[in-house]
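Good morning, colleagues. Please turn to the structure on the screen, and I shall take you through its parts in turn.

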Amino acid sequence: MIDNKTIYQVDAFTDKAFKGNPAGVMILDKLPSVDWMQNMAAEMNLSETAFVAPNSNGFDIRYFTPTVEIPLCGHATLASAHIIYQLGIKTPEEKIHFRALKDNLTITKDGDAVVMTFPQYSLSKIETPANFRADVGFEPVAIYKSDDNWVVAIANTQEDIEHCKPNFEALIANGLGHLMITSEGKTSNVDFVVRCFVPEAGINEDPVTGSAHCALTPLWASRLGKTKMVSHQISKRGGVLKVALADYNVKIKGNAITIFQAQLKI
C-alpha cells in the first residue's frame, strides 16, 4: 500500500479537474530529511506538497512550498486525506488523525467530501498601513492581524476583491507578505469571498487556501451572525469551501480529485 516511490497530484476544494488548488502528496513509511522534502516540493513547483508518514496515533504531516516549510496547509491536508481514503489505508467510516508541526488535525469523510477540523485563529484589529491602497488597490473597511503572520483586510465590495492587482514586491517590503483580502459575497449562495497572496513564501496568489479559513470563519461568523457559511475563493482556478464554527475549532469541508500519480526514479 505504501511504496515510498509514488507522488500524487490532487486538485483540492473542487470536484472538477484543473480547478481548485493542486497539491502534491507523498505517503511514506517514514518522513525523509527536511532537505529532501524541500527539494521534492521545489521539483513539484506547486503551492504546497505534503509528506505523510504513519505514527502511533495516525500520521505525521509536513507541508512545503517550493521555497519554505509552512506549519499548516488546508488544501494539502484535504489532498492527503483524499489519497489515504482513496488507497483504502483508512475506510470512509474511520477518522484520520494528522500531527502537523503546530496542530493536531482530525479528518472525517462525508459522502464524497472530506471534513477537516482545524484550529480557530485569533484576530486583533490594527491600523490600516499607509501604503495599503497603493500596494493592494483598495481602501479596506477594516484590517486585522491573525495567527501565522496573516493580515486580513475586509473590502467594501466583491468587485474590490475581483479587480485587485497587488504589487507583490511592495507587499513583502511593507509587511503584507501574508495577506488575505475578503468581502461579503454578492450572490445568495456565497456568504463571503476571498483571495490570498503569500509572496513571502514564494506564492504570489494561492488558488485556494484552507488554512486562511481558520481566521475567516470566526471573522465572518461575527459579522454575519452565522456559524455555517460558504466561502468562494475567487482566484483564477477558484474553489468552494463549506465552513463552520465548532467550539474553539473551525470545520472546513471540501471535495478533491486525483489528477495523476507518478513513480520516482531516484
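The protein chain is assigned two domains: domain 1 covers 6–116 + 253–263, and domain 2 covers 123–247. These bounds come from an automatic or database domain assignment. The model is predicted, so local features need pLDDT of at least 70 and side-chain atom pairs count only at pLDDT 80 or more, while totals for chains, interfaces and linings use all residues. Residues are numbered from 1 along each chain as its sequence is written, and side-chain values use heavy atoms, with hydrogens and water left out.

Let me begin with the interface. The C-alpha centres of domain 1 and domain 2 are 23 Å apart. In contact across the boundary are 19 residues of domain 1 and 16 residues of domain 2, contact meaning heavy atoms within 4.5 Å. The buried area between the two domains is about 1,300 Å², with carbon and sulfur atoms giving 51% of it; buried area is the accessible area (1.4 Å probe) that two parts lose on being put together, summed over both.

Between domain 1 and domain 2 there are 12 residue pairs in polar contact, both residues at pLDDT 80 or more. A polar contact is a pair of N or O atoms within 3.5 Å; within protein, one must be able to donate a hydrogen and the other to accept it, and residues adjacent in sequence count only if both atoms are side-chain atoms. On the side of domain 1 that touches domain 2, strand E2 (21–27) and helix H2 (74–87) are the elements that give two or more residues. Helices (H or I, at least four residues) and strands (E, at least two) are DSSP runs, numbered from the N terminus.

How many salt bridges cross this interface? The rule finds two between domain 1 and domain 2, a salt bridge being a side-chain nitrogen of Lys or Arg within 4 Å of a carboxyl oxygen of Asp or Glu. Consider the pair Asp148 and Lys102, whose closest N and O atoms are 2.8 Å apart. Asp148 sits in the loop between strands E10 (142–146) and E11 (151–154), and Lys102 in the loop between strands E6 (96–99) and E7 (104–110), 46 residues apart. Asp148 is partly exposed at 22% relative accessibility, whereas Lys102 is exposed at 56%. Buried means under 20% relative accessible area, exposed over 50%, and partly exposed in between (1.4 Å probe, protein chains only).

A further salt bridge joins Lys253 and Asp110, with the closest N and O atoms 2.7 Å apart. Lys253 belongs to strand E17 and Asp110 to strand E7, so this pair ties together parts that are 143 residues apart in sequence. By the rule, the count comes to 10 salt bridges. Glu159, Glu162 and Lys186 form a network of them.

I turn now to helix H6. Nine of the 12 residues of H6 (residues 213–224) are buried, so the helix is largely enclosed by the rest of the structure. Among these buried residues are His213, Cys214 and Trp220. After H6 comes Gly225, with a positive phi near 70°.

Which residues does Val250 touch? Val250, in strand E17 (residues 249–254), is buried at 0% relative accessibility. Beyond four places in sequence, its contacts include His213, Cys214, Thr217 and Pro218, as well as Met116 and Leu245. Val250 and Cys214 are 36 residues apart in sequence, and their C-alpha atoms are 6.0 Å apart.
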